[in-house]
Amino acid sequence: MHTWIKIAVRNLTLNLRRSVFTILAVAVGFAAVNVFGGFADYIFAGLRDGFIYAQGEGHLSIFKAGYLTEGKIDTARFLISAQEQTRIRRIAARHPEIEVVTAQLGISGLVSNGQISTITLIEGRSFADMQAMRARAGGMVGRLEFFTGAPLQDDVLHLGGLSSGLSEKIDSPIGSDVVLMAPTVEGQINALDMHVVQNFESPVQALNDMISLVTLDFVQALYDTDAVDTFSLLLSDTARTGAVKTALEKDFAADGLRLEVQTWEAMSPLYGKVKQMFDIIFAVLFVIVLAIVIMSIINTMSMAVMERTREIGTLRALGLKRTGVVRLFAIESALLGLLGSTLGALITLVAVWGIRLGKLSWIPPNFTTRVPVLVNLIPGDMLWTLAFMVALSITVAILPSRKAARMNIVDALGHA
Amino acid sequence: MLCKGDPEMARKLPASEDHRASPIVRFERVTKAYRFGQTRVTALRGVDLAVDRGEFVAIWGPSGSGKSTLCNLAGLLDAPTEGAVWLNGKDAALYSDDQKSRLRNAHIGFVFQGFNLMPVLSALENIMLPLQIFGIDASAARQKAMACLAEVHMTPYATHRPARLSGGQQQRVAICRALITNPDIVIADEPTANLDSAAAKMIIDLMAEMNATRGTTFIFSTHDRRVIENVRRKVLLTDGRIEDDVIV
Ligand SMILES: Nc1ncnc2c1ncn2[C@@H]1O[C@H](COP(=O)(O)OP(=O)(O)OP(=O)(O)O)[C@@H](O)[C@H]1O
Ligand SMILES: [Mg+2]
């Protein structure tokens with residue numbers, strides 16, 4: 001085996017220029033795939049952490065069955081009563097991987113600045129719970145605040161925030177007072193004063209001129225209820241999302257609760273779309289890289305085979321089997337793939353560090369602050385790419401070398 | 001003695017039972033035709049020939065008479081169009097390609113007109129190659145190859161690549177490579193055609209010496225009458241037929 005590697009290495013050095021260009025093609029392809037993959041991974045992680053931690057939506061959302069489709073119109077039918085809330089919290093407590101359990105209530109109503117009023121979705125949250133979620137975020141994106149102004153507090157009922165579009169629409173910037181109006185569960189009109197202390201961007205751009213954010217107690221007082229419509233659960237490990245979902249569904253059913261459990265992937269409005277888009281871009285990039293790598297290796301290996309046809313004839317005369325000839329060129333090609341991938345890994349490292357040092361930043365959709373542009377280094381993916389490149393190189397080398405190995409030996413020997 | 005036989009190479013192949021009694025190579029009404037587009041060229045026309053163990057045979061004749069074709073068939077590099085080539089008492093047509101490769105590796109040595117050394121390997125490594133194709137480990141192969149090099153007075157050139165050797169030196173390395181596996185027969189098609197007359201004489205003398213000391217059978221072709229003056233058996237080919245087969 002050693003002999004064949006030696007012959008392969010020496011032939012590669014003999015045609016140094018050609019080998020270097022092929023290795024570069026593989027390396028650039030390797031780096032392109034991995035840098036883009038690392039960037040996509042960083043973006044996905046950002047969207048995921050933004051949704052789960054920064055927006056405080058958690059890994060799992062629980063609501064009455066059917067709430068997602070009909071709940072926004074007829075909230076009253078899908079309320080989770082105080083007694084059910086206790087049962088849910090008790091069941092959640094049985095799962096150690098659930099770290100934060102928080103309730104939400106959202107109703108629709110009107111917001112008025114005294115002169116004009118407009119429709120609004122009033123979201124009630126526990127800000128202590130949201131803070132607890134944010135504190136558990138691993139990445140920096142999860143700890144970002146999405147608002148401008150002051151934070152909200154659970155124990156100061158009349159402080160609230162408006163989405164930036166809404167604030168503009170009713171001409172009520174930070175520091176102004178508004179009135180929130182909504183029918184109670186019983187159907188009577190109720191109204192409460194709110195002091196605007198913050199603005200934020202809505203995760204769904206279409207709702208950016210509609211949302212008011214207040215404490216859970218505020219909404220419950222306005223709606224005259226102690227019920228909620230959604231529970232958000234934060235887990236210790238994102239990878240456990242599916243397992244906990246299944247376990248909870250079983251537990252709820254056993255307890256007679258007709259509840260629906262959804263994962264963050266299903267709930268996040270952006271994640272799925274962005275992932276789909278990136279997947280398509282990645283597929284296109286991958287096909288281009290694949291084509292370039294295959295063409296350059298095919299070119300190099302067919303030239304090598306052609307130039308060394310007489311040598312192949314000699315080796316066959318000396319008793320090398322057809323498979324031995326194929327193996328010789330497969331080794332040579334595999335080395336190109338291996339060296340190219342190694343160089344590609346180096347280029348990837350340099351690119352990742354360069355981007356880190358360059359301190360690039362951008363404002364992603366729905367963010368109010370700049371976040372750094374980074375590329376995640378994914379060793380597992382790089383190993384896979386390497387294995388793939390080597391396998392590809394070998395496959396590509398088999399075609400021309402097999403043809404030469406099957407040639408009539410006398411013809412091969414007579415080859416100029 | 002050059003490259004002494006060793007147990008490893010001794011159990012190299014299942015040859016037929018009575019191969020010691022039969023000729024090493026036997027041509028039985030061999031015809032070889034090449035198809036070149038529409039035209040058909042007949043290079044050998046019903047050749048009968050038997051070469052016994054230990055013989056030193058020169059195939060000579062004018063250009064185009066079929067010498068190379070005969071050598072290629074004897075070396076199992078090609079198959080006859082009609083008739084049969086027997087090696088060690090067995091019809092070569094019965095072997096698979098892999099079996100023929102194995103046979104060439106262990107039982108047949110080749111010396112080419114153009115030397116055909118691997119350009120990326122040193123003289124020593126070139127000689128080791130057939131042993132390594134056979135599967136013998138590098139250190140044993142190196143030892144045997146060094147002994148061969150010494151035998152042909154090429155020890156100082158062991159690490160030289162072919163490009164840095166003269167034609168005569170390259171051909172001496174090639175003879176070592178052909179003999180390293182202790183083959184039954186060495187096929188040399190025009191081994192001296194690319195050499196000046198002094199080097200040519202030295203190569204023929206070297207082959208004759210190996211034939212005498214080790215009993216290795218040689219078949220070599222040439223169109224140069226001068227190099228075959230002292231050869232015992234001369235086969236004259238003209239137009240694909242054996243015109244004369246003299247044993248002195
Ligand atoms: N691959 C081939 N395709 C077609 N014709 C061939 C082929 N090889 C040999 N021939 C023809 O067969 C005949 C015998 O050729 P061969 O090479 O055996 O002769 P030779 O005696 O070795 O000649 P030389 O002294 O020139 O080497 C010639 O007419 C040659 O043109
Ligand atoms: Mg010839």
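Modeller: Ring pairs join A:F36, A:F39, A:F44, A:W264, A:Y271, A:F278, A:F282, A:F286 and A:F388 into a cluster, where rings of Phe, Tyr and Trp (its six-membered ring) pair if their centres lie within 6.5 Å, and planes under 30 degrees apart count as stacked, over 60 as edge-to-face and the rest as tilted. This is a predicted model, in which local features need pLDDT of at least 70 and side-chain atom pairs count only at pLDDT 80 or more, while totals for chains, interfaces and linings use all residues. Residues are numbered from 1 along each chain as its sequence is written, chains are lettered from A and ligands numbered from 1 in the order in which they are written, and side-chain values use heavy atoms, with hydrogens and water left out.

Colleague: How many aromatic pairs are there over all chains, and why is the pair of A:F36 and A:F282 called stacked?

Modeller: A pair of aromatic rings is described by the distance of the centres and the angle of the planes. The count over all chains is 13 aromatic pairs; the centres of A:F36 and A:F282 lie 6.0 Å apart with the planes at 20 degrees, so this pair is stacked.

Colleague: Is A:F36 buried or exposed?

Modeller: Buried means under 20% relative accessible area, exposed over 50%, and partly exposed in between (1.4 Å probe, protein chains only). A:F36 is buried because its relative accessible area is 18%, whereas A:F282, at 29%, is partly exposed.
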